[in-house]
Amino acid sequence: MEDASGKLQYWRLYLLSMVLGIGGSFQYGIQVSVIASPAVHVQSFVNHTWLWRYGAPVDDSSNQLIWSFIVAVLSLGALAGALHSGSIPVTYGRKKALLFNNVVAIVAAILMLFSRMAKSFEMILLGRFLYGYNVGLGLSVHLMYLGESSPKKLRGFMTLTGSIFIGFGKVIGQIIGIKEIMGTEDMWPYLLAVSGIPAILQLVTLLFFPESPRYLYIDKGDTEGSIKALQWLWQEDDLKLELDDMKKERESTQGEKAKTVKDVLCSRCVRWQLLTLIIPCAGVQFCGINALYFYAFDLFRESGVPENQMHYLAIGLGATELFTVTLCSFLIDRAGRKKLMGYGYLLMGITMCVLTVMLSIKDLNPWIPYVNISLIFCVICIYGLGPSGVSMALPADLFLQAWRPSAYVISGTVNWISMFLVAMLFGYVVDALGQFCFLIFVAYSICSAAFLLYFVPETKGKTMVEIMEDFNKLNYKNRGADTERTDIDLATKF
């Protein structure tokens, strides 16, 4: 009872997580899923616009190229947003960065809303690029802001809410995209403009919340402001342990300014943190989860699922991921990041091996395609319980304040380039390898599992400084303590 009542005192922090989520990672989820439904209507609009301008319909290959770029330009915008996630939140603060980011999403929604009236598919392209920028910047700053505002005992749960809102966004995008709601020829501009609503909600509500306490204390040196922010969010007067932790973190940087991307890439003192950030976390796109979503419709078709019901089965996939990620939020601070993510990748690899075998013999028996569908749901369940949630929570644990913004730039860059490559190349890989394409993802999942289970220390329940000390045993395992301390202070390069 005392533990439950103690956690209830953080209700304002939970409210902050909702406000950050609805305008942060939720936007990512909804943009990934909502674009599929109006594909036919947008392509028809491009054709009519071309006919109105040039007096002739656009040829099929050009129309498909324009549509493919409309889909892919989101990743390019997200990459631009991720590159700015290291400078904007450092210069202006986490809160102002998100307020600016909402304005970008609102402008994108306006472009989408009036694109049909203006007879301009270029407005859709620009709107998708701005949505991507909003997603790339918002996702990084959302996790940064929330991780810096949470006590260590809740840090894993709070940062994992980012994955919950991604799953929630995917499900909402799939639901509102069905033809009974907004997936019609008349409603598609409103469907594409729907992300303006959560942007307005966050823009208004975030004004009532304080800036990140760690940003105020460590970056700005505003001790009084940091204490007020912590007292307001945590409703707790005894903040000695948290202030001591932030003091140690500030002293460890010796008042240095935020590190650059080059510093993170070249400094020995964060070498293993960087590997952990890139291999299992930012590279999560290579575990094959999006490829399974792409391939799912083919499996549904082979199993005899009617074409008009596939969209509803896809909603089931999104709902499954949302449910398991939510369950992961209750396990992460009990089981720990390392076990959930490491064994999650291992089980994903094993399950996809079985899926590859079953796809190879799918014609031997009429019930095998249904087994394949079940295996897809199993992979998504494992992904939600482990890699999906932990890949959001773990990066917030890895870096001290001075290194964190640039680390998120690297994480976002790797993530969005990975997503772009998977989206652009997966079709060609399937054509070349067939069902054996999943073996590529099996190899990545097994390697990530081995890396996590054998090398990465557990971060559950530890302060930022304690986590740094654990990683220093890897970063400086062949060097003495005196040399190690000098390297940390001076950020020795390779």
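Let's start at Cys281, which counts as buried because its relative accessibility is 3% (buried means under 20% relative accessible area, exposed over 50%, partly exposed in between, with a 1.4 Å probe and protein chains only). This is a predicted model, in which local features need pLDDT of at least 70 and side-chain atom pairs count only at pLDDT 80 or more, while totals for chains, interfaces and linings use all residues. Residues are numbered from 1 along each chain as its sequence is written, and side-chain values use heavy atoms, with hydrogens and water left out.

Staying with the cysteines, the structure has zero disulfides, a disulfide being a pair of cysteine sulfur atoms within 2.5 Å. Cys281 takes part in none, as the nearest cysteine sulfur, in Cys287, is 12 Å away. For Cys266, the closest cysteine sulfur belongs to Cys269 and is 11 Å off, so the two are too far apart for a bond. Cys266 is partly exposed, because its relative accessibility is 27%.

Now follow the chain back to Ser163, which sits in helix H9 (residues 155–176); helices are DSSP runs of H or I with at least four residues, strands are runs of E with at least two, and both are numbered from the N terminus. With 2% relative accessibility, Ser163 is buried. Where does the side chain of Ser163 reach? It comes to 2.7 Å from the backbone oxygen of Ser388. Beyond neighbours within four places in sequence, Ser163 is in contact with Val325, Ser388, Gly389 and Met392, where contact means heavy atoms within 4.5 Å.

Together with Ile110, Leu113, Phe114 and Tyr190, Met117 makes a nonpolar surface patch of about 500 Å². Helix H7 (residues 94–118) gives the most to this patch, with four residues. Patch residues have over 30% relative accessible area and no salt bridge; like charges are joined within 9 Å, and nonpolar side chains (Val, Leu, Ile, Met, Phe, Trp, Tyr) within 5 Å. A salt bridge here is a side-chain nitrogen of Lys or Arg within 4 Å of a carboxyl oxygen of Asp or Glu, and areas come from the Shrake-Rupley method with a 1.4 Å probe, only the protein chains shown counting as cover for residues.

Finally, two loops deserve a look at their backbone. Lys119, in the loop between H7 and helix H8 (121–149), has a positive phi near 55° without being a glycine. Gln235, in the loop between helix H13 (223–234) and helix H14 (240–253), is also not a glycine and has a positive phi of about 50°. Lys119 is partly exposed at 36% relative accessible area, and Gln235 is partly exposed at 35%.

Key
Polar contact = N/O pair within 3.5 Å; in protein donor to acceptor, adjacent residues only side chain to side chain.
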